[in-house]
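Let's take a walk through this structure together, one region at a time. Keep the 3D view open beside you as you read.

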Amino acid sequence: MHIQKTAIFTLVIILISFFTNTVSAAVTYEPENTTINSESAYMVNLDTDTPIYAKNKDQLLCPASLTKIMTATLVLETLTDEQLNKKIVCPTSIMTDSYWIESQASLSGFLPGEEVRIFDLLVALLLQSACEIGDVLGDYIGREIYGGDIQTFIEKMNIKAKELGCENTHFANTHGLHDDNQYSTAYDIYLITEHALDLPRFKEIVKEPVWEVAPTNLTPENKKLIHTHKMLASSSDFYYKPALGIKTGTTDENTQNLATLAEQDGFTYLLIVMGGLDRDESGVRTQTVFRDSINLLKWAFNYFDIRNVLETTTLVAGVPVRLSAIKDQVIAQPAEDISVLMPENIELSSIQQIPHVPKFLDAPIKQGDKIGTLELKLKDEVLVTVDLVASETIERSTFLYILDQVKKFFTQPMIQIGLIVLAVLIFLYIIITAIYNHKRKSVKFQYSSVKKQKKK
């Protein structure tokens, strides 16, 4: 019955999305009666690409084992499915490095010299957060594929981060153990994880609570790899049914990070939480990132819905029209119905409509022509911007158009200057002609007087 209800709800969401434009809003919200104690968090609805919560999303923090999301991404993008099924030898030099013990790193349990499928190594990296496996994979691809070494692989990680738009991220290793030159943000980790989710094999791995590896040359029985994401474990105090997993991370500074994908009732969210306390002052494990993540996801699933905030029938503004003998204005209306993912308890009347239209328009105007834009604002933040179009066709008057063209012709600066110059020339011509005629008459008069005197 629950499956049927979920299917129906999902169908409704699809139909709404088909007949209306569900847009990504730029506004984020704050959960009521809930305090998020982690340093940083960023949550996005993946169905509509709508961010709904942000706290210090650009704060530089140690990514810890969330680094392995990028490591896995690069492996999956570099190797084919056939190559992923290839077995490689776990190098003794990497597997026995004392650095892992000294750093209290999470390990896979694979043995030096053990032959393991690359895909199973990826599972160990992502589920069991095996640090040494990051170097095993980075070393192998750096040498065999890139023709370099593990540093070549790390350089590719940083190049990929830039390609994804990560402006505040730098990787110094493949596994996430502390390095002063390794940092990221909740927003950048979101960008990396969102991209990783587009890779089918990545999603296939991270959703599994437990993975069994077939016997190898050194291990005669199946080996279980257990996901460190406690929201997937039904026996955990933090079990959360909508969670689809992804990745945990623990730093040397008593903090944890958590990336979580969750789905319920047709909605999917990706949440990144960073810098949550692992233990309180008395040493008791608080695991803040799990508490914060569950609170944020419950809030999103319980309070958010896709709401129709604007319809094409809405008459937004009247714009004066020139050169028409019939109409003196045209009505601007939205080009499309707009739906936004937002909390159900927000009154739609609280959304401000700020039209941006010209002072006037010249006919002819066709119905559907873009004539402006409309900003929908919530709490002085732009929720969405939509085009405004003409509600009807308005024909141009030929007579008014000709008059306007004549007026425009004679009001052009060059024409006005030309007319002034012409007027001055005409004036000068009249003056000169008058002077010339006056002199001519004067000479003629003098000649006539002289002739009369001679006759006497």
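**A covered helix and its surroundings**

Helix α6 (residues 118-126) is mostly covered, with nine of its nine residues buried. Buried here means under 20% relative accessible area, while exposed means over 50% and partly exposed lies in between, using a 1.4 Å probe and protein chains only. The buried residues of α6 are I118, F119, D120, L121, L122, V123, A124, L125 and L126. Helices are DSSP runs of H or I with at least four residues, strands are runs of E with at least two, and both are numbered from the N terminus.

Before going further, a word on what you are looking at. This is a predicted model, in which local features need pLDDT of at least 70 and side-chain atom pairs count only at pLDDT 80 or more, whereas totals for chains, interfaces and linings use all residues. Residues are numbered from 1 along each chain as its sequence is written, and side-chain values use heavy atoms, with hydrogens and water left out.

The predictor's confidence in each residue is given by pLDDT, which runs from 0 to 100. The protein has a mean pLDDT of 91, and 91% of its residues reach 70 or more. Where should you take care? Over residues 1-19, pLDDT stays under 50, and the model has 13 contacts beyond four places in sequence for this stretch. A contact means heavy atoms within 4.5 Å. Where pLDDT is low, the predicted coordinates should not be read in detail.

Now find helix α2 (residues 67-78), which packs with helix α7 (residues 131-144) at an angle of about 35 degrees, their axes being 11 Å apart. Axes are lines fitted to C-alpha atoms, for helices over the stretch in contact, and the angles run from 0 to 180 degrees between N-to-C directions. The way α2 passes α7 is a left-handed crossing. A crossing is left-handed if the near helix is turned anticlockwise from the far one by less than a right angle, and right-handed if clockwise. From α2, the residues making the contact are K68, T71, V75 and T78, and from α7 they are C131, G134, L137 and I141. By type, the residues of this contact of α2 with α7 divide into four nonpolar, three polar and one charged. In that count, Ala, Val, Leu, Ile, Met, Phe, Trp, Tyr, Cys and Pro are nonpolar, Asp, Glu, Lys and Arg are charged, and the others, Gly among them, are polar.

Helix α2 also meets helix α9 (residues 186-196): their axes come within 10 Å and cross at roughly 35 degrees. The crossing of α2 and α9 is left-handed. Here I69, M70, T73 and E77 in α2 meet I192, T193, H195 and A196 in α9. What does T73 touch, leaving aside its neighbours within four places in sequence? T73 is in contact with H195, A196 and L199. T73 counts as buried because its relative accessibility is 0%.

Next, look at the cysteines. How many disulfides does the structure hold? The structure holds zero disulfides, a disulfide being a pair of cysteine sulfur atoms within 2.5 Å. C90 is in no disulfide, and the nearest cysteine sulfur, that of C131, is 15 Å away. With 0% relative accessibility, C90 counts as buried. C166 is likewise in no disulfide, the nearest cysteine sulfur being that of C62, 16 Å away. C166 is buried, with a relative accessible area of 1%.

Some backbone details deserve a stop too. Most residues other than glycine have a negative phi, and most peptide bonds are trans. N33 is not a glycine, although its phi is positive at about 60 degrees. N33 lies in the loop between β1 (21-23) and β2 (40-45) and is exposed, with a relative accessible area of 83%. D380 is not a glycine either, and has a positive phi of about 65 degrees. You will find D380 in the loop between β17 and β18 (381-390), where D380 is exposed, with a relative accessible area of 63%.

A cis peptide bond joins A363 and P364, with omega about 10 degrees. P364 sits in the loop between β16 (361-362) and β17 (370-378).

Finally, T393 is in the loop between β18 and α12 (398-410). Not counting residues up to four places away in sequence, T393 touches I365, K366 and Q367. T393 counts as partly exposed, at 42% relative accessibility.
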